[in-house]
Amino acid sequence: MEGISLEELQLAARNHGMPLEALRYPVTPVGLHYLLIHYDVPDVDPAGWSLTVRGQREFSLGLAELKERPRIELTVTMECAGNGRAQLDPRPVSQPWLLEAVGTARWAGTSLRPLLEEAGVGESAVEILFTGLDRGIEGGIEQRYQRSLTVDEALRDDVMLAYEMNGGPLPPQHGFPVRLLVPGWYGMTSVKWLAEVEVLDVPFDGYQQSMGYRLRQAEDEEGTPVQWIVPRSLFVPPGIPEFLTRARTVEPDEHVVQGRAWSGLAPVAAVEVSTDGGESWAAAELDPEEGRWAWRGWRFRWQAEPGQHVLCSRARDEKGNEQPVDPPWNLGGYANNAVQIVRVAVS
């Protein structure tokens, strides 16, 4: 594969993944949760911040006013749409994620729906546009980070304006003071440093919607939008790692291999594990659900015999969506949910 460029290395230094051993935690500690920042972290004065909502009527809310509204809390697994990009061949040039661009947090805030109803969503409305405070240049276009949702998606009761993460205020890098949270969708949808919410009568065609985050095989294709998180299962790395390569070593014995699985499309129904590189599969035991939008723990007993082994896991959700063995290639490197492969030496 082509080597990582200095530009990609610079992105990787800014945008860290979650160490996979943190899959042990039902809720990811804030400092271990994956992070992607498109441009710069804005300098926001919470006393001067306000959220503008535009529909048939327009109004603004300060942070204290937002916190006075009915509070909701949700445990949500968030994954970057580019998770797994660096494992594609040829590799799309962008943030070089391996498998660590994921995390689960307890988010608290207020439902978006009542604000939209107060602003008024007319019969001609088709989308709701969300604008962040972060600004930059992408694709040669100067822009504020913006994404939209259809009216029906935005009116889901579980779409929230989040101002807390794991019991504390949002950290600056996670969108302080307020971010959008759209459970089940890839993380690019949950606009950080939220400043404006606007009802649109025509579909939004800004860069992040019409150019970025689309599944395409070539530049001249319109493609289809990246939306819901597809099924994925990951291992808590077994044994101990070699420092540079992260190759795993375990002792001969019975081991309880464990991990997490999730899908935005439907609840996780099953996880299967292979210890022979996918030649055969056996069912893993699922932990109880932690909530519709949170990942689900699983475990599998493995009698490790001396030698070289290839471990794999795959998830299937209740709608029958299952991880593929071969990675699905696309121009942006999005939604690569191919089965994870972990090589383990037993000695």
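The largest pocket has a volume of about 1200 Å³. Keep in mind that this is a predicted model.

**The largest pocket**

- Its lining is made up of 36 residues, and L20, Q87, L98, L99 and E100 are the ones that lie nearest the centre of the largest pocket.
- Sorted by class, the lining of the largest pocket comes out at 19 nonpolar, 10 polar and 7 charged residues.
- Strand 21 (307–317) and strand 22 (340–346) each put at least two residues into the lining of the largest pocket.
- Which strand gives the most to this lining? That's strand 22, with 4 residues.

**The second largest pocket**

- The second largest pocket holds about 750 Å³ of space.
- Here 32 residues form the lining, with V93, S94, Q95, E138 and Y334 lying nearest the centre of the second largest pocket.
- The class count for the second largest pocket is 14 nonpolar, 11 polar and 7 charged residues.
- Helix 1, strand 5 (127–138) and helix 5 (207–210) each supply at least two residues of the lining of the second largest pocket.
- Helix 1 has the largest share of that lining, at 4 residues.

- Look for an open sheet of 6 strands, running in the order 14-15-22-21-17-18 with mixed pairing.
- Strand 14 (240–241) and strand 18 (282–283) sit at the edges with a single partner strand each, so one side of each has no neighbour in the sheet.
- Strand 18 pairs with strand 17 (residues 268–274) in the antiparallel sense, over 2 bridges.
- To find that pairing on screen, go to V273, which stands opposite A282 in strand 18.

**Strand 13 and its partner**

- Strand 13 pairs with strand 16 in the antiparallel sense, this time over 4 bridges.
- S233 stands opposite A261 in strand 16.
- As a rule, side chains in a regular strand alternate between the two faces of the sheet.
- In strand 13 (residues 232–235), R232 and L234 point one way while S233 and F235 point the other way.
- Are these four residues buried or exposed? R232, L234, S233 and F235 are all buried.

- R91 counts as buried because its relative accessibility is 11%, under the 20% cut-off.
- E8 is buried as well, with a relative accessible area of 2%.
- Another salt bridge joins E142 and R135, whose closest N and O atoms are 2.6 Å apart.
- E142 counts as exposed, at 57% relative accessibility.
- E254 and R301 also meet through their side chains in a salt bridge, at 3.2 Å from N to O.
- That pair links distant parts of the chain, with E254 in strand 16 (residues 253–262) and R301 in strand 20 (residues 296–304), 47 residues apart.
- E254 counts as partly exposed at 43% relative accessibility, while R301 counts as exposed at 57%.
- Some salt bridges share partners, and these join R54, E58, R144 and E196 into one network.

**A loop residue to look up**

- Where does A338 sit? Look in the loop between strand 21 and strand 22.
- A338 is buried, with a relative accessible area of 11%.
- Leaving aside neighbours within four places in sequence, A338 is in contact with R232, Q323, P324, V325, D326 and P327.
- One of those contacts, R232, is among the buried residues of strand 13.
- A338 and V44 are 294 residues apart in sequence, and their C-alpha atoms are 39 Å apart in space.

Technical notes:
Residues numbered from 1 in each chain as written. Predicted model: local features only at pLDDT ≥ 70, side-chain atom pairs only at ≥ 80, totals over all residues. Heavy atoms only, no water. Pairing = 2+ DSSP bridges. Buried < 20%, exposed > 50% of the residue type's maximum accessible area, 1.4 Å probe, protein only. Salt bridge = Lys/Arg side-chain N within 4 Å of Asp/Glu carboxyl O. 1 Å grid on protein atoms, 1.4 Å probe; cavity = no way out; pocket = protein on both sides within 12 Å on 5 of 7 lines; lining within 4 Å. Points joined across faces, edges and corners; volume = space filled by probe spheres on them. Nonpolar A, V, L, I, M, F, W, Y, C, P; charged D, E, K, R; others polar. Contact = heavy atoms within 4.5 Å.
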